[in-house]
Amino acid sequence: MIVLQTIAVAFAMFSAIPVPQFDWNEKNMRYAMCAFPLIGAVCGALWCLCGALPLPALVRAGGFCLIPVWVTGGIHLDGYADTCDALSSYGGREKKLEILKDPHCGAFAVIRLCSYFLAYFALCTAVQFTPRIGLCWTLALVLERALSGLAIASFPLARNTGLAHTFASAADRKAVRSVLLVLAGLLCAALVLLGGGALVLAALLVFWRYRVVSDRQFGGITGDLAGWFLQKAELWMLAALAACQWGGLL
């Protein structure tokens, strides 16, 4: 029962998929970040379904682009937009953290979101679906969430409030780190064996930049920065996927 509650907590927070509602407590939040990668598996399964359907190329690319947004409800895009606004302010650390808390969407967020979706859609048109491509992308979507959960359990926090703090403070951080580190390692190995080593490299480089930017610009991570990382990782892994296919590696 606790396992199902733990999965439900993760899906209720990080997806728009209807799930049974439970009161959050110490037991069902302890390993919630370990269930977070399952949302990537759902996105990947729907992505593969879209790829297998006999749709016009542009409609299929639109589906590839929108499926992660529909599954997650845009929660990570919200963090991406807020972080873009904060980074574009060129203010001090406290000012950046204040911008992250501001519910309004600034001009830089709009510009970056438009640019993001244009690039994402263009890359989706360049990807030709095959079962191998679908498997690689599903593993990539799971990997980025495993790395995100690993960061929550490992990186310093910018403040003692907010979503990241809520999940980090409730988690058995040592156990979550161990589980997600093993999962991330297995996913990286599987992607390399399938010919998707470039996706692994892209994810790890963005993960490294996530740590550097969060430390230097914000003094630690927040929920918004976690969303920023996920969207950046997804875009760069998609670019790597298209490059691998174009280069004949997939």
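Four helices, α5 (57–72), α6 (75–89), α8 (107–126) and α13 (223–246), each supply at least two residues of the lining of the largest cavity. The model is a predicted one, and one cavity of 30 Å³ or more is present in it. Helix α13 also contributes to the lining of the largest pocket and packs against α9, their axes coming within 10 Å. Helix α9 has a further contact, with α11, where the axes come within 9 Å.

**The cavity**

- The volume of the largest cavity is about 90 Å³.
- Its lining consists of C65, P68, V69, T72, H76, L77, Y116, F117, Y120, R145, Q231 and E234.
- Helix α5 makes the greatest contribution to this lining, namely four residues.
- Sorted by class, the residues lining the largest cavity are seven nonpolar, three polar and two charged.

- Two or more lining residues come from each of α6, α9, α10 (163–170) and α13.
- Helix α13 provides the largest share of the pocket lining, with five residues.
- The lining of the largest pocket comprises 10 nonpolar, eight polar and three charged residues.

**Packing of α9 against α11**

- Two packed helices are described by the angle between their axes and the distance between the axes.
- For α9 (residues 131–154) and α11 (residues 173–193), the axes approach within 9 Å and cross at roughly 155°.
- An angle over 145 degrees counts as roughly antiparallel, and α9 and α11 are therefore roughly antiparallel to each other.
- The two helices, α9 and α11, cross in a left-handed sense.
- On the α9 side, the contact is formed by C136, L139, A140, V142, L143, A146, L147, G149, L150, I152, A153 and S154.
- On the α11 side, the residues in contact are R173, V176, R177, L180, L181, L183, A184, L187, C188, A190 and L191.
- This contact of α9 with α11 contains 19 nonpolar, two polar and two charged residues.

**Packing of α9 against α13**

- The axes of α9 and α13 come within 10 Å, with a crossing angle of roughly 155°.
- That angle makes α9 roughly antiparallel to α13.
- The crossing of α9 with α13 is right-handed.
- The contact of α9 with α13 divides by class into 13 nonpolar, two polar and three charged residues.

Definitions and conventions. Residues numbered from 1 in each chain as written. Predicted model: local features only at pLDDT ≥ 70, side-chain atom pairs only at ≥ 80, totals over all residues. Heavy atoms only, no water. 1 Å grid on protein atoms, 1.4 Å probe; cavity = no way out; pocket = protein on both sides within 12 Å on 5 of 7 lines; lining within 4 Å. Points joined across faces, edges and corners; volume = space filled by probe spheres on them. Nonpolar A, V, L, I, M, F, W, Y, C, P; charged D, E, K, R; others polar. Axes fitted to C-alpha atoms, helices over the stretch in contact; angles between N-to-C directions. Parallel < 35°, antiparallel > 145°, perpendicular 65-115°, else oblique. Left-handed = near helix turned anticlockwise from the far one by under 90°. Contact = heavy atoms within 4.5 Å.
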